[in-house]
Amino acid sequence: MTEIFVSDHAVLRWLERVMNVDTEAARTRIRDAVRNGVKAGSSAVMVDGVAYVLDGNRVVTVTPKRRPAPYEIQRQTKEHAK
């Protein structure tokens, strides 16, 4: 069978349109979290255990202090569905 690739764009649209994730609210929360670091010219900001990597005024990636185990993600998804 041919391997199927799913673009980041498709995943983002699926989150928005199928899972009803408010991506604009997420962008706002990220902007608020990094605002002072961007003003200070930082290359990264740690807020509430989350590392935001910056390139100038652009947030290029976000990494939690501790990634949840796959079973935790599955449990959170099931709890969200309730």
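In which loop is Asp-48 found? Asp-48 belongs to the loop between strand 1 and strand 2, and the legends below place this residue and others within a predicted model.

**Figure 1. Overview of the secondary structure of the protein chain in the predicted model.** The protein chain contains three helices and three strands. Read from the N terminus, these elements follow one another in the order α-α-β-β-β-α. The protein chain has 82 residues, of which 9% count as buried. Of the contacts between residues at least 6 apart in sequence, 7% join residues at least 24 apart.

**Figure 2. Antiparallel pairing of strand 2 with strand 3.** Strand 2 comprises residues 50–55. Six bridges connect strand 2 to strand 3 in the antiparallel sense. Within this view, Tyr-52 is placed opposite Val-62, a residue of strand 3.

**Figure 3. The hairpin of strand 1 and strand 2.** Strand 1 and strand 2 pair over four bridges, again in the antiparallel sense. Val-47 has Val-50 of strand 2 as its bridge partner. The hairpin has two residues between the strands. Asp-48, in the loop between strand 1 and strand 2, adopts a positive phi of about 50° although it is not a glycine. Is the position of Asp-48 buried or exposed? Asp-48 counts as exposed because its relative accessibility is 78%, and the threshold for that class is over 50%.

**Figure 4. Asn-20 in the loop between helix 1 and helix 2.** The phi angle of Asn-20 is near 60°, which is a positive value in a residue other than glycine. Asn-20 lies in the loop that links helix 1 and helix 2. With a relative accessible area of 64%, Asn-20 is exposed.

**Figure 5. The salt bridge between Arg-13 and Glu-16 in helix 1.** Side chains of opposite charge can pair when their charged atoms come close. Here the side chains of Arg-13 and Glu-16 form a salt bridge with an N to O distance of 2.8 Å. How are Arg-13 and Glu-16 spaced along helix 1? Because these two residues are three residues apart in helix 1 (residues 8–17), about one helical turn separates Arg-13 from Glu-16. Arg-13 is partly exposed, at 25% relative accessibility. Glu-16 is also partly exposed, and its relative accessible area is 23%. By the rule applied to the model, the count of salt bridges comes to three.

**Figure 6. The salt bridge between Glu-24 and Arg-27 in helix 2.** The side chains of Glu-24 and Arg-27 meet at 3.2 Å, N to O. Both residues belong to helix 2, where they are three residues apart, or about one turn of the helix. Glu-24 has a relative accessible area of 46% and is partly exposed. Arg-27 likewise counts as partly exposed, at 39% relative accessibility.

**Figure 7. The salt bridge between Asp-32 and Arg-35 in helix 2.** In this pair, the closest N and O atoms of Asp-32 and Arg-35 are 3.1 Å apart. Asp-32 and Arg-35 both lie in helix 2, with a separation of three residues, about one turn of the helix. Asp-32 is partly exposed, its relative accessible area being 48%. For Arg-35 the relative accessibility is 40%, and this residue too counts as partly exposed.

Terms used: Residues numbered from 1 in each chain as written. Predicted model: local features only at pLDDT ≥ 70, side-chain atom pairs only at ≥ 80, totals over all residues. Heavy atoms only, no water. Buried < 20%, exposed > 50% of the residue type's maximum accessible area, 1.4 Å probe, protein only. Contact = heavy atoms within 4.5 Å. Pairing = 2+ DSSP bridges. Salt bridge = Lys/Arg side-chain N within 4 Å of Asp/Glu carboxyl O.
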